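Please keep the viewer open while you read.

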Amino acid sequence: RTSGRLGGLNSENGGAPDAKNLRVKLVLLGDSGVGKSCIVLRFVRGQFDPTSKVTVGASFLSQTIALQDSTTVKFEIWDTAGQERYAALAPLYYRGAAVAVVVYDITSPDSFTKAQYWVKELQKHGSPDIVMALVGNKADLQEKREVPVQDGIDYAEKNGMFFIETSAKTADNINQLFEEIAKRLPRPSPS
Ligand code: GDP
């Protein structure tokens, strides 16, 4: 198994007494072609369908997961096609986002460079307590790998991000990505 993950080692929520239902806005960022739509489709529909294009500027898909402590988290996932065309809308896109998932393709060093650009943008414009994940996708393409796993780990660690490698094609680590994000969300304090 070559996929790795690392992040701020938040302890799991230590058994909150009440079930909480969280609803969070999640924005996806990354170069075109890294697999953002495929990751969302894999997570939401359990499918890998490279021909379907679900990305539309202002729409989102949602998916709810239940955690072991009986918290449920409803992700509202925003994915924009052609990021650059929406550059002027970026602050609107980031607004209210509790989670940002920055995706690159492990076979593309350019996409890794671009991911670092998006992280800087988020640090400038995103909410200060945003949960950020760095995702190296297409982990099934080991023989074409050009971004060492350690580079992703190191960059994520420096920037306080959770890191994981995924494959939307084989489903490897897709559910884990969203579960780990859910665990890192700030919880409303029990009243
Ligand atoms: P987006 O532009 O970031 O939304 O990328 P897409 O989701 O449209 O995917 C771009 C291309 O990468 C498609 O041809 C997918 O078939 C392919 N792809 C996406 N995820 C994976 C993956 O995990 N492994 C492999 N081998 N190909 C993938």
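## Ground rules and overall layout

This is a predicted model, in which local features need pLDDT of at least 70 and side-chain atom pairs count only at pLDDT 80 or more, while totals for chains, interfaces and linings use all residues. Residues are numbered from 1 along each chain as its sequence is written.

The chain has 5 helices and 7 strands, where helices (H or I, at least four residues) and strands (E, at least two) are DSSP runs numbered from the N terminus. Along the sequence their pattern reads β-β-α-β-β-α-β-α-β-α-β-α. Of the 191 residues in the chain, 39% are buried. Here a residue is buried if 20 or more other C-beta atoms lie within 10 Å of its own, exposed if 12 or fewer, and partly exposed in between, with C-beta atoms placed from the backbone. Among the contacts with a separation of 6 or more, 73% join residues 24 or more positions apart. Two residues are in contact if their C-beta atoms, placed from the backbone, lie within 7 Å.

Helix α3 covers residues 109–125, which is 17 residues. From first C-alpha to last it reaches 25 Å, close to the 24 Å expected at 1.5 Å a residue; the expected span is 1.5 Å times one less than the number of residues. Its buried residues are Ser111, Phe112, Lys114, Ala115, Trp118, Val119 and Leu122. Seen down the axis of α3, they fall within an arc of 160°, so they line one face of the helix. The arc is that of the directions from the helix axis to the C-beta atoms. As a reminder, an α-helix has 3.6 residues a turn, so residues three or four places apart point the same way.

What do the buried residues of α3 pack against? Their partners are β2 (21–29), α2 (90–94), β5 (97–105), β6 (131–137) and α4 (149–158). On the face turned away from the buried side sit the exposed residues Asp110, Thr113, Lys120 and Lys124.

The buried set is Lys36, Ser37, Cys38, Ile39, Val40, Leu41, Arg42 and Phe43. After α1 comes Gly46, with a positive phi near 70°.

Helix α1 (residues 36–45) packs with helix α5 (residues 174–184) at an angle of about 85°, and their axes are 9 Å apart. That makes α1 roughly perpendicular to α5. Axes are lines fitted to C-alpha atoms, for helices over the stretch in contact, and angles run from 0 to 180 degrees between N-to-C directions. Angles under 35 degrees count as roughly parallel, over 145 as roughly antiparallel, 65 to 115 as roughly perpendicular and the rest as oblique. At this crossing, Ile39, Arg42 and Phe43 of α1 meet Ile174, Asn175 and Phe178 of α5. The contact residues divide into 4 nonpolar, 1 polar and 1 charged, with Ala, Val, Leu, Ile, Met, Phe, Trp, Tyr, Cys and Pro counted as nonpolar, Asp, Glu, Lys and Arg as charged, and the others, Gly among them, as polar.

## Residues worth a click

Ile39 lies in α1 and counts as buried, with 26 C-beta neighbours inside 10 Å. Leaving aside neighbours within four places in sequence, Ile39 is in contact with Val103, Asn137, Thr166, Ala168 and Ile174. Its C-alpha is separated by 7.8 Å from that of Ser167, 128 residues apart along the chain.

Leu185 belongs to the segment after α5 and is partly exposed, with 19 C-beta neighbours inside 10 Å. Not counting residues up to four places away in sequence, Leu185 touches Leu22, Val24, Val73, Ala98 and Val131. Leu185 and Leu22 are 163 residues apart in sequence and 9.2 Å apart in space, C-alpha to C-alpha.

Most residues other than glycine have a negative phi. Ala171, in the loop between β7 (162–165) and α5, has a positive phi near 80°. Asn173 is found in the loop between β7 and α5, and its phi is positive, near 70°. Which of these is buried, and which partly exposed? Ala171 counts as partly exposed, with 15 C-beta neighbours inside 10 Å, whereas Asn173 is buried, with 24 other C-beta atoms within 10 Å.
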